[in-house]
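Here are my notes for your read-through. Please keep the structure open beside them.

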Amino acid sequence: MLSSSSLLQFASHNGMPIWVLNTSIALIMSLVVFALCGLGVLILVYMERKVAADMQLRWGPMHVGWHGVLQLIADSVKLLSKEDIFPRNADRWIFRLAPVLVFLPAFIGLMVMPIGPHLVVQDLNVGLLYVLAVPAIGVAGVIMAGFGSYNKYAILGSLRSAAQMVSYEVPRALSILGVVMIAGSAKLTAIVGTQHAWYIFLQPIGFVVFLVSTLAETNRVPFDLPETESELVNGYHTEYSGTRFLFFLFGEYIALIAGSALAVVLFLGGWHGPGPEFLAPVWFLIKMFAIIYLAMWIRWTLPRFRIDQVMDLGWKVLLPLALLNVLITGLIMVL
Amino acid sequence: MSKIEETKVSKANLAELEKELAFDETRESEPTLKTEELVLNFGPQHPSAHGVLRAIFNLDGEVVTKIVPYIGYLHRCFEKIAEKRTYSQFMPFTDRMDYVSSMHNGWAYAMTVEKLADIKVPERAEYLRVIFAEFQRIASHLLFLATTATEAGALSPFFYFFDERERILWLFERLCGARLTYNYVRIGGVSADLPDGWLEDALAFINRLEKTILEYDKLLLGGYIFKKRMKGVAPFSAERALDWGITGPPLRSTGIPYDIRRSDPYSVYPRMDFDVVIKDNGDNYDRVCIRSDEIKQSLKILKQAIEQLPDGPIIADGVAKDIRPPAGEAFAHVESSRGDLGYYIVSDGSIKPYRVKIQGPSFANLQAFPAIAEGAYLGDVVLTLGTLDPVFGEVDR
C-alpha cells in the first residue's frame, strides 16, 4: 500500500520527500486502525454484556439509548472523567507506563492482519512471527502493573499472568507450524491466499490447541487466573482506576480481537467466502465475531482452572498435542 | 558383653551415618537466593471473605502454608442484649444472627422458650414452621451453590440459583412481608396464616425446582473443570470432624448421618419421610454435592407437609404478651441450614431471660478452616472457606 504508484507520483509532483509521505501514510493508517479498534472494543464490550445477560436471564444494559447501545459511551466518559488514583507507595513510572505497554503491543499486532485481499496496513513477509512476537510484549506491561502497584494481590496476579502467558506461548506457536508447513509461507496474505479449503479441516488438532492457548493468552475464562475476583480481588489491575483502567480494558479486548482475527486468518479461510470481492471484509468480520462469540460463550459457562492445572494443561497436554500435530502434518506432506 | 554392646552401638551409628550421607534432596536443592514467605492479608473487605472474615495467609508461591483467622468484626453482643429484653422482644434479634437462614434461628429460640414456659404449639403452626424452615433451607443452600459457583469462576450459575431463590423470597414476602429477616415465628406459633393461593404457588415452585435443580446439577456439579477443582481438596475425616464439633452438611459429607431432624426429632419431622443425605469423602466436592441433594430432600418434605397441613389456629391460646416462664433452664436445637443450632436459656422467673447462650454451627464449622486449608492452593483456600459456608452474623453474634 505504501508503494502505491499514484501516491508516489503525487508526492514527486509536489516536491514532497518520500519519508514524509511514508510517515504521514503510516500515521493516517494507524489512526484509522486505532479508531476502528476503539469502535471494535465498544462493540465487543456491548456484545459481551448482552451475551452475558442473555446467558444469565437478564436484559443487560437497556436504559441509555436504544437497548442500551450508548451505555458504553456513557461508561467511557465516566471512566475518562474519573479521579486518577495513585497508590502512595507505587513506583511512579512503572505504574504509569504499564497500561500503555499492555495496550500498545496488542494494538500494533493488528497492523498486519489482512481483512480483505488488499486491506492490510503492512503485509510483512514474516507477518506470522510478528503477530506472535509483538503482542507477547504485553506480558511485560502486566508484570509492571503488578510490581508498580505496591499491592500483594496485584503482584500475585501479574506473576500468574506471566507464568501463564509464557507457558501458552509455546504450544500456541507450535500449533501454527502445521499451517505454515502447508501454506509454505509465513506471510499472512499468502496463508489466506492458499487457503481454498479451510485449514481447520486439515489441521483440527492445531485449531483446538491454538484456540485454547489463545484463550489462555488473552486471560479469558477458564484461564482468567490473573484477575480472579474471588481470590485476587482484581489481579494486576486492582489499583488502577479511570483512564488507566480503561487502557487495560482496551488491551484485553484488542488482544481478543487480534486472537480471533488470527484464528480466522489461519484456520477459517480469512476473507474467503461466497459473493463478490467487496464482501471479503464482511466475511472476515462475520467469522471473527463467531470466534469471539465462542470465547464469550465459554467465559460465561465454565468455571476456572487452578493455577497448577493451567500449567499442567499447557505443558503436559497442549504442547505434546501441538508437537504431534507438527509430526502428523510433516509425515503426510512427505508421504 | 561389652564387646557386643559396642558392635550394636557401632551398627546403629553406621545406620545413622548412612542416613546422613544418603542423598538428601532437600539439602541439595537448597536455594541460593533468599526467599521469603509472602504474608497476605485476606479480608475483612475481600470479595470472597463471606462477610467479614479476616485471615492472614502465609504464601509460598501459590501454596498457602499458614492461615490465622481473626473473627469478631460482626460482634453485636446479642447474648447480652437478650438479657435486657423481654422474651418476645428478643425474637427479631434472632433473625440477624444467621441472616441467610434466619427462620431457623427464630424457630430454635421460640422452641426453647416454649419448652421453658411449657407452651403447646398448635399443629397447624408446627406445619407452617416446617414448610417455612424447609423453604429457608432451600434458599440458603441455593445461595451457597451460587456463591460457590462464583468463587470457582463460573459466573452464570449465580444468576440461575438467585432466580430460584428469588421465587422463594417472593413466597416469603407474601406470607410475612419480609425478604431476609422474617420475624415470622412467634412464641407459641407463627405470626400469619397463609394468604389465598399461596399453597398453589408454592407447589408450582416445588415442581419447577424439582426439574431445574437437576439441570443445575449437570451444569455446575457435573462439569469437568468443577470436578477437577473440587474433588479431593481439603478433606477431613469423620473423627476429626467430630473432634472439632462440626455439624450440618460438612459433618454429613464425611459419612456421619447426624441430622437433628432425625437424631433428636422435633416438631412434626417424625411424620415426614425423607433421607439424611450422607457422602463419604468429606472433601470440597462432597460438601457442595450434599447441599444440592439436601435441596431435593427438602422438596420432598415440603410436598408432604403441604399435603398434610391441617386446619386450626396458628398460635397457642393464652400466651401472654410478656411471658414469665418459671425459674429454670431449657435447651432446644434445630437443624439449621448450616448444622446444629442450639439455644440455651436460663430463666429466673422474671420478665427477661437471665442468660441466653447461642450455639451457632458456623462457629464450630469455621474452626476447621485453617487446619484443612493449609497446604492448599490459594484458589482452593477460598473455595474451602466457601464450602464450610460460615455466616459471620452467626460466627460473631
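1. Core. In this predicted model, the largest nonpolar core has 187 residues. Ile254(A), Ala263(A), Val265(A) and Leu266(A) touch the most other members. Helix 12 (residues 242-267) of chain A supplies the largest share of this core, 18 residues.

2. Where the core sits. Domain 1 (1-81) and domain 2 (84-334) of chain A both contribute residues to this core, so it lies between them.

3. Contacts of Leu266(A). Look at this residue in the viewer. Leaving out residues up to four places away in sequence, Leu266(A) touches Ile176(A), Val179(A), Ile191(A) and Tyr199(A).

4. Domain pairing. The C-alpha centres of domain 1 and domain 2 of chain A are 19 Å apart. Across the boundary, 15 residues of domain 1 of chain A are in contact with 17 residues of domain 2 of chain A. On the domain 1 side, the elements giving two or more residues are helix 2 (18-55) and helix 3 (71-80) of chain A. Helix 2 of chain A gives the most, with 12 residues. By class, this side of domain 1 of chain A has 12 nonpolar, 2 polar and 1 charged residues.

5. Chain pairing. How many residues of chain A are in contact with chain B? The count is 23 residues of chain A, in contact with 27 residues of chain B. Helix 11 (229-232) and helix 14 (307-334) of chain A are the elements that give two or more residues to the chain A side. The residues on that side of chain A divide into 10 nonpolar, 5 polar and 8 charged.

Definitions and conventions:
Residues are numbered from 1 along each chain as its sequence is written. Chains are lettered from A and ligands numbered from 1 in the order in which they are written. This is a predicted model: local features need pLDDT of at least 70, side-chain atom pairs count only at pLDDT 80 or more; totals for chains, interfaces and linings use all residues. Two residues are in contact if their C-beta atoms, placed from the backbone, lie within 7 Å. Helices (H or I, at least four residues) and strands (E, at least two) are DSSP runs, numbered from the N terminus. Ala, Val, Leu, Ile, Met, Phe, Trp, Tyr, Cys and Pro count as nonpolar, Asp, Glu, Lys and Arg as charged, and the others, Gly among them, as polar. Domain bounds come from an automatic or database domain assignment. A nonpolar core is a set of buried Ala, Val, Leu, Ile, Met, Phe, Trp, Tyr and Cys residues joined through C-beta atoms within 7 Å. A residue is buried if 20 or more other C-beta atoms lie within 10 Å of its own, exposed if 12 or fewer, and partly exposed in between; C-beta atoms are placed from the backbone.
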